[in-house]
Amino acid sequence: MLIVYSKELAELGFVVFRRQNDTGGLKPHLFIRFKSKEGRLLTFAIDTTRLPASQNQPDAYLITHAHSDHYGKSAMLSVSSWCSEETARALEIRHEKSYKGNTFENGKTFSVCGVDIRTFDVYHTPGSSAFYWENDLGNSILITGDVKDARNLPKCDVLLTEASYGDPADLSCYFEDDIDGLHHAVLSHIGERKVVFGAYEFGKSQKAVSILRSMGYNGPIAMNGKALSLTESFVENSGELVEIKVCRTISCNISIVPIGDLSFFGSDIRKYVLTCRSDHPFESIRLSDHLDVDGLTQMVKDICPKITIIYHPNKSSRTDRFAKHLEKNGFKAFSINQIQDIIGNEKQIKPTE
Ligand SMILES: [Zn+2]
Ligand SMILES: [Zn+2]
């Protein structure tokens, strides 16, 4: 049984809680309350969906990046949302809506309600950012979102981080990017068979194009419309990209498609998934936008927080497993699944002193 360090967190001047959604379930991820240095009680929503206008609104919706499991699709419609310029651009392309919130230059500081929030690139997707600020007591909190590279991240008192590959007992949580594997897949089939890579539309597809171009592949690469727009927007020297208009019909030697579309292609086409997950039926090339479990553990050791909260992936047991792993390594840690402070729809949040 994990311990939830509510008392220790409160002593540091932070409260984390979750909220119910309209149907009585839990809204994704969590909320943080603290006092600013000017003594204002503030609430920041982290990677969650918008609350209906009739309900108490947080002072800010912080969006770490534009992946769907961080809910920018909903939060982007709030004037109180904050994300990097790149994340806003990616959300607009992905969801075909205009971003109504505020943006910052990734790596720079912005202010919300008198709180200076420092941001750090975590190299997970174009524009993915970590957020850092201090409360009235001078204690700091760092929210990483998904992390590929933690080299920029500062030390902090409270750390909110992810555990997408945080299960120390699962062998698929240990990996290194297999750039050579991607090179080999292209070189061994070029001129003989078409190759299709399954990859996430935002992040992985752009990374694949960058790697293919840097290895010297200059031919056209076929992609679906959104992935193509995102690649043109975020990859310098993306080269010739061709839109796949009819699924299953590809003309290029190399194509990048959503993972779910791979099964539409016949055995005459060589198929790979670009992932470190082991639950896809196709041969995989290990290429990840995340730290593996050793990388995550090293990140926590380097940041050396007093308390760590594992808040993502929402609804996954990996958050519990990584929190336990950190506890075994001598860190105070708990998972989002252990948070018992839940605010219902009907209740208004009343400031407490
Ligand atoms: Zn992500
Ligand atoms: Zn994620």
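## A parallel sheet

Phe197 stands opposite Ile256, a residue of strand 15, in what is a predicted model. The two strands concerned, strand 12 (residues 195-198) and strand 15 (residues 254-257), pair in the parallel sense over 4 bridges. They belong to an open sheet of 6 strands, which follow one another in the order 14-13-15-12-16-17 with parallel pairing. Because strand 14 (241-243) and strand 17 (284-285) each have a single partner strand, they form the edges, and one side of each is left without a neighbour in the sheet.

Helix 6 (residues 225-234) lies across strand 13 (221-223), strand 14 and strand 15, and its direction makes an angle of about 155° with that of strand 14.

The protein is divided into domain 1, made up of 6-168 + 290-343, and domain 2, which spans 176-285. The centres of the two domains, taken over C-alpha atoms, are separated by 31 Å, and contact between them involves 11 residues of domain 1 and 9 residues of domain 2. On the side of domain 1 that touches domain 2, the residues divide by class into 5 nonpolar, 3 polar and 3 charged.

## The largest nonpolar core

The largest nonpolar core has 93 residues, and those with the most contacts inside it are Ile32, Ile46, Leu62 and Ile141. Since domain 1 and domain 2 both give residues to this core, it lies between them.

Leaving aside residues up to four places away in sequence, Ile46 touches His29, Leu30, Phe31, Ile32, Leu62, Ile143, Leu160 and Tyr311; among these, Ile32 and Leu62 are also listed with Ile46 as having the most contacts inside the core.

Methods
Residues are numbered from 1 along each chain as its sequence is written. Chains are lettered from A and ligands numbered from 1 in the order in which they are written. This is a predicted model: local features need pLDDT of at least 70, side-chain atom pairs count only at pLDDT 80 or more; totals for chains, interfaces and linings use all residues. A nonpolar core is a set of buried Ala, Val, Leu, Ile, Met, Phe, Trp, Tyr and Cys residues joined through C-beta atoms within 7 Å. A residue is buried if 20 or more other C-beta atoms lie within 10 Å of its own, exposed if 12 or fewer, and partly exposed in between; C-beta atoms are placed from the backbone. Domain bounds come from an automatic or database domain assignment. Two residues are in contact if their C-beta atoms, placed from the backbone, lie within 7 Å. Ala, Val, Leu, Ile, Met, Phe, Trp, Tyr, Cys and Pro count as nonpolar, Asp, Glu, Lys and Arg as charged, and the others, Gly among them, as polar. Two strands pair if DSSP finds at least two bridges between them. Axes are lines fitted to C-alpha atoms, for helices over the stretch in contact, and angles run from 0 to 180 degrees between N-to-C directions.
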